[in-house]
Amino acid sequence: MAMLWKFMRVAKYPKTALSPKVRVRGIPSHSRHSSSKSVPSDFAASAPCSNTVELLGKSYPQDDYSNVTEKILSKVGKNLHNRKHHPLWLIKEQVKEHFYKHYLGRRGTPLFSVYDGLSPVVTVQQNFDSLLIPQNHASRRKEDNYYLNRDHMLRAHTSAHQWDLIHSGLDAFLAVGDVYRRDTIDNTHYPVFHQMEGVRLFSCHELFSSIKDGEGLQLFEQGHRTAHKQECHTMEAVRLVEFNLKQVLTKLMTHIFGDGLQVRWVDCYFPFTHPSFEMEINFQGEWMEVLGCGVMEQQLVNSAGAQDKIGWAFGLGLERLAMILYDIPDIRLFWSEDERFLKQFIVPHIWQKIKFQPLSRYPPLINDISFWLPSETYSENDFYDLVRTIGGDLIEKVVLLDEFAHPK
């Protein structure tokens, strides 16, 4: 059987990022052929000693789908988005204040409810099935998600709560939380990050009441799906929902980044919205994608018990906005306990302008590692998880330099 040989380059953070309590360990050689220099770690890897995973007070039996690591489990419950004066908390509070202030209900109370303490452990049905994601869709792969077992997983997006919140009777809400995806190692990717989900539903009266001669307009029809609408929606309804969605999000981003912000919309695809869009902003002369959104698939809305309503949804990454707004160069810094980082965000009010000041003047350290792998069971994300388990957040980047498959 042919064996696959990989040659990876690992770049580590400078030494000033090390905590005084860090122990330096080498990478154990469990592969058939490996060579490496020592890699520092602030975490000692340990395999679960039982056939269950204990998490947030509950036990989950492991099976052939279980792939969550101890390093990832240690992040559950940190809730950086709820930690006062953390940069992610600042972004969350800015968005929340904007929605509270600008969108009010009939009695003058906030129209949008905010949920920022929902459990990150969800069922596969919540994370995929409820969002109409096909059984064979690539986003379900073990290589890209953290499964506790075949039935439970760490949510891959805050969209996993859409169906439940709509089913509970909510028409307008924001859901905020930590999400988990297996990913590459570099300064813009991390296996744990934070999302905010927004949903707004409209009845026929709510959507058309401000339209002149809108009494005869309808939300639904029996038509055909096109690039611009779903088969069950009228064009008038879709246009108004899309207009409201883009108006709401443009006002939000302008409020965060300042007046005169240039915005553009890019058509895209999501399984749970149609039509779907990505929003890009021009910040400091560069176009950047900041969120995804669209008109909610009516099948999803109907199954949640809101058959007489139409709506929009959006999802944005808190880290993405914070990195742009505060000029933070590396996503791993959000997990730092270094006072030099954290104290930069202790400000008297959430809208105060902040520009991140770098912490270290030392260059990175480079290690080259080579090893053999059985090609039929290998996933690069398996190696990335191993690196994170051993090296923690000291590992800045992993780059594949070369690979070789032995012919025998």
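## Salt bridges and buried residues

D330 counts as buried because its relative accessibility is 6%, where buried means under 20% relative accessible area, exposed over 50% and partly exposed in between (1.4 Å probe, protein chains only). R332 is likewise buried, at 5%. The model is predicted: local features need pLDDT of at least 70, side-chain atom pairs count only at pLDDT 80 or more, and totals for chains, interfaces and linings use all residues. Residues are numbered from 1 along each chain as its sequence is written, and side-chain values use heavy atoms, with hydrogens and water left out.

A salt bridge is a side-chain nitrogen of Lys or Arg within 4 Å of a carboxyl oxygen of Asp or Glu. The count by this rule is 19, including the following.

| Salt bridge | N to O distance |
|---|---|
| R332 and D330 | 2.7 Å |
| K246 and E242 | 2.9 Å |
| E93 and K92 | 3.5 Å |

K246 and E242 lie four residues apart in helix α6, so about one helical turn separates them. Helices (H or I, at least four residues) and strands (E, at least two) are DSSP runs, numbered from the N terminus.

H233 lies in the loop between α5 (204-208) and α6 (235-257) and is buried at 0% relative accessibility. Beyond neighbours within four places in sequence, its contacts (heavy atoms within 4.5 Å) include L219, V238 and I310.

Helix α8 (residues 318-326) is largely enclosed by the rest of the structure, because seven of its nine residues are buried.
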